[in-house]
Amino acid sequence: MSGLRRLFRGSGRALAFVFAASVVWLLLDMAALRLSLGEAGGRLLKEAAGRGQGERARPWRGPEGAAGSPRPDPAALRRGRRRGGGTAAARAARREPPPPPPPPPPPPPPPPSPPPGAAGGRGPRGRRAGGRRAAPPPGPAVTLRGGAGPAASRAPAGAGAAAGAVARPAGDGGGRRGAPPSRAGAPRAPRGAPPPAPGRRAGRGVAVAEGPAPAAATGSRQRPAGTARQAGPLPRAAGPEEARVGRGETAPEKRSVLISKEGINPSSPGVPHPGSDSAGNSPRGRGEPSERPPASEEGDGARTANATAVPGGRSRPRAATQGAAPKAPAAGEEGQEEAGGSSPGTHRVLSLDVTLAPRDPQAPGQFGHPLAVPDDKQEEAKSRWKEGNFNVYLSDLIPVDRAIADTRPAGCSDQRVHDDLPTTTIIMCFVDEVWSTLLRSVHSVLSRSPPHLIEEVILVDDFSTKEYLKEKLDKYMSRFPKVKILHLKERHGLIRARLAGAEIAKGAVLTFLDSHVECNVGWLEPLLERVRLSRAKVACPVIEVISDKDMSYMTVDNFQRGIFTWPMNFGWRQIPQEVIEKNKIKETDIIRCPVMAGGLFSIDKKYFIELGMYDPGLDVWGGENMEISFKVWMCGGEIEIVPCSRVGHIFRNDNPYSFPKDRVTTVERNLARVAEVWLDEYKELFYGHAYHLVLKNLDVGDLTQQIQLRKKLRCKSFRWYLENVYPDLEAPLVKASGLLVNIAMARCITVENTTLAFEPCDVNNKNQKFNYTWLRLIQHGELCIAPAGAAGALGLRRCEGRSRSLTWLHRSLAAFQPELMDHIVSEHLQQPACLEVDPSHKTLRVNACDSTNPYQKWQFGNYYAE
């Protein structure tokens, strides 16, 4: 027994050792397994975070209930709140406490597959066969609390209203395109949205005539040319081209294409601005395009700022650079990275659409649909038209926060912008604006702009007479802390009212808007991104059309740029299709714009001040867009149209407000003032196309300050502008030049000392060279041909640009008598008298015009304009 006990005692020790070793081994194995599971889970979380990085602050909309009252998904809302509050700087801007560490969320569900054939396309001239992106069906009134990053916002505090946010991620159903209907068909409405009126089609935009026109512009800038189509709310599926746009894609590199009169001259980045002066008298006629390259440009990701890395792989910009405009680059330095700096973080463009309450899908004009005036309200609508020079009756029926279709080109919602965009002050000037239109303009800014980028919205009341624009407006806007109203004590006019708003603005960037607009989703960040890249960039949105008749929101053709024709009439011109195809220009590419429309643009505030802002000598309205455009381009800046920024605008046929003088006189004086300061020798083209201003002897005021400013800024010449910015403008310095030949005798007028002779023609004889100028002078150097004495003799006098006694009519200017088109008619004599050669003595004289007399018919060697 004792031996057995000893055996069991020894075996017990062994068993105990084996048991203890097994327990230790099991514990170690479990620990290793836990570590392995933790690493795998971490990888899954990182992948899920990467997939959802662009979806921050965009709550998923669950299955809808009845139309207009969809039910939110509580789990999705909790996930939205758990996603984190963005950077510490963004949380501080919202005055929110930092969120707790987020628990691991489940991986998001895979996106639904697009229906086959859903991807839409464009026709040969950029006209989409179907509609544009759809405004989403009305979403739930959701309050975002914290977790939103830059996209999160507190909706404006309404009186007891829950702040609702409808955020549209790039990948949700609201941003997709369905199968496009035919042009003749009505666009398909989203779920819950009322269909458009049967049989209605979008109207056409007004194509701007580019021929000579009176110098006075109409009461509204011309709407963009091309076909204006109603922006129907169509769901869109991602096509293969769009699917390739990755999350890491930044805004596209700008394509610069110089369009000349004879073809296409694509510019390459890195080419410096060539200098040029206005010396020389050679005319720039047809067939003489400039070979100079355009201004240098940089890629969109060129400029960087110092940043501090934060967890999650994002970077937080330093507080010193938050919202600050970049310093003006020196020549050759634009696009260089700051020494020792690292690139700041980026995010997808935010497609916000915040409402105070759920939208009613059946509301009049919802989703940008057209309206019709009932038969029994026709008289009322007609009587109210003059209140705003558009359909005020229909405007008052439409909600002030109505939804409109997302009309941005495919790929815009996937573009990335920097996290450290500068803040902006929105400036809207108005006088006696329609109540509903003004409110809709303000709501569209507040609803569809990232709040952290809006420093303030300044409404400048230019001494309105309507009572509702005084205390009632102040009370209404008091619910929005960022909205400020500046009531001017006397009438300033649009130009000086904008200056008054700019003086009190606090934002780093000034964004000017009209007071009858509707900003589309994602409109602001693409503009600020361009200004962030270079403080000398002036960014303009694509201006779409809100119909003045039925208040429908219509999109316009892409690839349009602002131009002018003589005498400085603003218009729109589409980039030729062959240029688009040869240079592979995409719908999202930035467009260089020779002249801006003037009503809607973003500009760095300090740069705007350095440029002298607007010329304070310009009155009320008109010509200010020409002045700021020439000033920006000629003084080192650039004007760009940003296709991914879209703003609708009501184009009115006339101004509803009064002018100190009449409208035409005011606009003509403003344009003449711009011509005197900025056009150099080309101002003769302006006066030649608006010759009645010469006859008026128009007083443009004191120009000393503006001329000195141009010298101080070392601005380039207008010739440089034509060669580098707008080379396809026909701008010959003279109408005709060369030998002046008599058709009957085939001999030429010759200058001998200070007298005129009639000799055999010699193309190498400089004394036989004359210019026929835009001011209707026949000029040789500083001398001009003029009648001398009552006997019809001819002589030479020193040229005086605006002396009618020296002027002659030829070709189209003699069209009042078509039979005298080949004659040279003295303009100032009471009876028409023509330049004639005496065949017997071979001398020159002025004689009564005779359409059949061949000795009165003349021809210049070269003609540049009729």
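A disulfide here is a pair of cysteine sulfur atoms within 2.5 Å. Keep that in mind while looking around this predicted model, where the count comes to 5 disulfides.

Let's start with three of these links.

| Pair | Sulfur atoms apart | Handedness |
|---|---|---|
| Cysteine 412 and cysteine 644 | 2.0 Å | left-handed, torsion about -75 degrees |
| Cysteine 635 and cysteine 715 | 1.9 Å | right-handed, 95 degrees |
| Cysteine 748 and cysteine 761 | 1.9 Å | right-handed, 100 degrees |

Where do cysteine 412 and cysteine 644 sit? Cysteine 412 is in the loop between helix H6 and strand E11, while cysteine 644 belongs to strand E23, so their bond ties together parts that are 232 residues apart in sequence. Cysteine 412 is buried at 1% relative accessible area, and cysteine 644 is buried at 3%.

The bond of cysteine 635 and cysteine 715 joins two loops, one between H13 and E23 and the other between H17 and H18, so parts that are 80 residues apart get tied together. Both cysteine 635 and cysteine 715 are buried.

Cysteine 748 is buried, at 0% relative accessibility, whereas cysteine 761 is partly exposed at 34%.

What about cysteine 540 and cysteine 593? The sulfur of cysteine 540 has its closest cysteine sulfur in cysteine 593, but at 5.9 Å that's too far for a bond. Cysteine 540 is buried, at 5%, and cysteine 593 is buried as well, at 2%.

Now for helix H17, which runs over residues 704-712 and has Gln706, Leu709 and Arg710 as its buried residues. Looking down the axis of H17, you'd find these within an arc of 100 degrees, so they line one face of the helix. The other side of H17 has Gln705, Gln708, Lys711 and Lys712, which are exposed. The cover over the buried residues of H17 includes helices H12, H13, H14 and H18. After H17 comes arginine 714, with a positive phi near 55 degrees.

Finally, the nonpolar cores. The largest has 125 residues, and Phe564, Met568, Phe630, Phe686, Phe718 and Tyr721 touch the most other members. Helix H14 gives the most to this core, with 7 residues. Leaving out residues up to four places away in sequence, the contacts of phenylalanine 564 include Val595, Met626, Phe630, Phe718 and Tyr721. Another core, of 21 residues, lies apart from this one, with Ala736, Leu740, Tyr772 and Phe860 among them.

Notes. Residues are numbered from 1 along each chain as its sequence is written. This is a predicted model: local features need pLDDT of at least 70, side-chain atom pairs count only at pLDDT 80 or more; totals for chains, interfaces and linings use all residues. Side-chain values use heavy atoms; hydrogens and water are left out. A nonpolar core is a set of buried Ala, Val, Leu, Ile, Met, Phe, Trp, Tyr and Cys residues joined through side-chain atoms within 4.5 Å. Buried means under 20% relative accessible area, exposed over 50%, partly exposed in between (1.4 Å probe, protein chains only). Helices (H or I, at least four residues) and strands (E, at least two) are DSSP runs, numbered from the N terminus. Contact means heavy atoms within 4.5 Å. The arc is that of the directions from the helix axis to the C-beta atoms.
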